[in-house]
Protein chains: 2
Amino acid sequence: MQRLDPLYPTCPIRNVIDRMSDKWSLLILSTLNQNGIMRYKELNSAIPDISQKMLSSTLKRLEADKLINRKMYPEIPPRVEYSLTNTGQKLMPAVGMMVDWALEYFDEITK
Amino acid sequence: MQRLDPLYPTCPIRNVIDRMSDKWSLLILSTLNQNGIMRYKELNSAIPDISQKMLSSTLKRLEADKLINRKMYPEIPPRVEYSLTNTGQKLMPAVGMMVDWALEYFDEITK
């Protein structure tokens with residue numbers, strides 16, 4: 001994975017924010033964290049307003065960044081399951097704190 | 001501030017992720033957290049690869065979301081200073097955890 005911040009290629013913060021800062025990454029990671037192992041269709045049902053194209057490309061990117069596992073079972077039709085990697089799980093406490101903050105300050109922020 | 005998720009207007013998580021999930025918001029908030037009060041030009045120097053247009057619009061949005069204060073001093077030329085609000089400060093522990101995670105897993109993710 002060589003997609004690095006052009007100005008600060010060695011800055012961890014920049015390169016991580018860049019990976020997380022799209023509309024869907026944190027939502028997909030949170031959904032997997034709540035549900036454990038999920039099939040593609042289950043993810044799509046849990047996040048009904050994501051397009052199939054966007055869901056597929058975000059899953060691919062999260063897999064390339066080693067935040068999620070993708071396991072394909074050679075069945076007909078093929079079954080594909082997603083889950084958090086250890087690295088992805090380690091991010092969840094921070095995401096949880098952000099969610100707690102969201103719950104606490106939602107009214108104030110959206111007023 | 002009535003900019004809400006169209007499908008889940010009452011979901012705190014959706015509406016907060018939506019506010020944070022652009023390339024610059026977390027970087028600006030982190031920079032203000034590290035430096036306290038900053039003038040516009042200081043912010044621009046600290047984040048040299050943000051365009052003036054993007055910096056201005058992101059600051060406006062963060063101010064509208066009550067995450068940062070904007071204080072203008074009637075001097076010539078006018079002096080404008082930015083700082084985190086109490087709500088913005090309350091988000092920083094979560095951001096800090098995310099940064100710690102970034103520092104720990106940077107090598108693995110970017111390999």
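A residue counts as buried when its relative accessible area is under 20%. Glu81(A) has a relative accessible area of 14%, so Glu81(A) is buried. The model is predicted.

Glu81(A) takes part in two features described below. Glu81(A) lies in strand E3(A), opposite Arg39(A). The side chain of Glu81(A) also meets that of Arg79(A) in a salt bridge, at 2.7 Å from N to O.

## The sheet of chain A

Chain A holds an open sheet of 3 strands. The strand order is E1-E3-E2, and the pairing is antiparallel. Strand E1 (38-39) and strand E2 (68-73) of chain A stand at the edges. Each has a single partner strand, so one side of each is left without a neighbour in the sheet.

E1(A) pairs with strand E3 (residues 79-84) of chain A over 2 bridges, in the antiparallel sense. Across this pairing, Arg39(A) stands opposite Glu81(A). Helix H2 (residues 25-35) of chain A packs on the sheet and touches E1, E2 and E3 of chain A. The direction of H2(A) makes about 95° with that of E3(A).

## Helix H2 of chain A

H2(A) has 11 residues, and 8 of them are buried. The helix is therefore largely enclosed by the rest of the structure. The buried residues include the leucines Leu26(A), Leu27(A), Leu29(A) and Leu32(A). Ile28(A) is also buried.

Gly36(A) follows H2(A). The phi of Gly36(A) is positive, near 75°.

## Salt bridges

A search of the whole structure finds 5 salt bridges over all chains. In chain B, the side chains of Arg61(B) and Asp65(B) meet in one of them, at 4.0 Å from N to O. Arg61(B) and Asp65(B) are both buried.

Glu75(B) forms a salt bridge with Arg79(B). The closest N and O atoms of Glu75(B) and Arg79(B) are 2.9 Å apart. Glu75(B) has a relative accessibility of 36%, so Glu75(B) counts as partly exposed. In chain A, salt bridges that share partners join Glu75(A), Arg79(A) and Glu81(A) into one network.

Key: Residues numbered from 1 in each chain as written. Chains lettered and ligands numbered in written order. Predicted model: local features only at pLDDT ≥ 70, side-chain atom pairs only at ≥ 80, totals over all residues. Heavy atoms only, no water. Pairing = 2+ DSSP bridges. Helix = DSSP H or I, 4+ residues; strand = E, 2+ residues; numbered from the N terminus. Contact = heavy atoms within 4.5 Å. Axes fitted to C-alpha atoms, helices over the stretch in contact; angles between N-to-C directions. Buried < 20%, exposed > 50% of the residue type's maximum accessible area, 1.4 Å probe, protein only.
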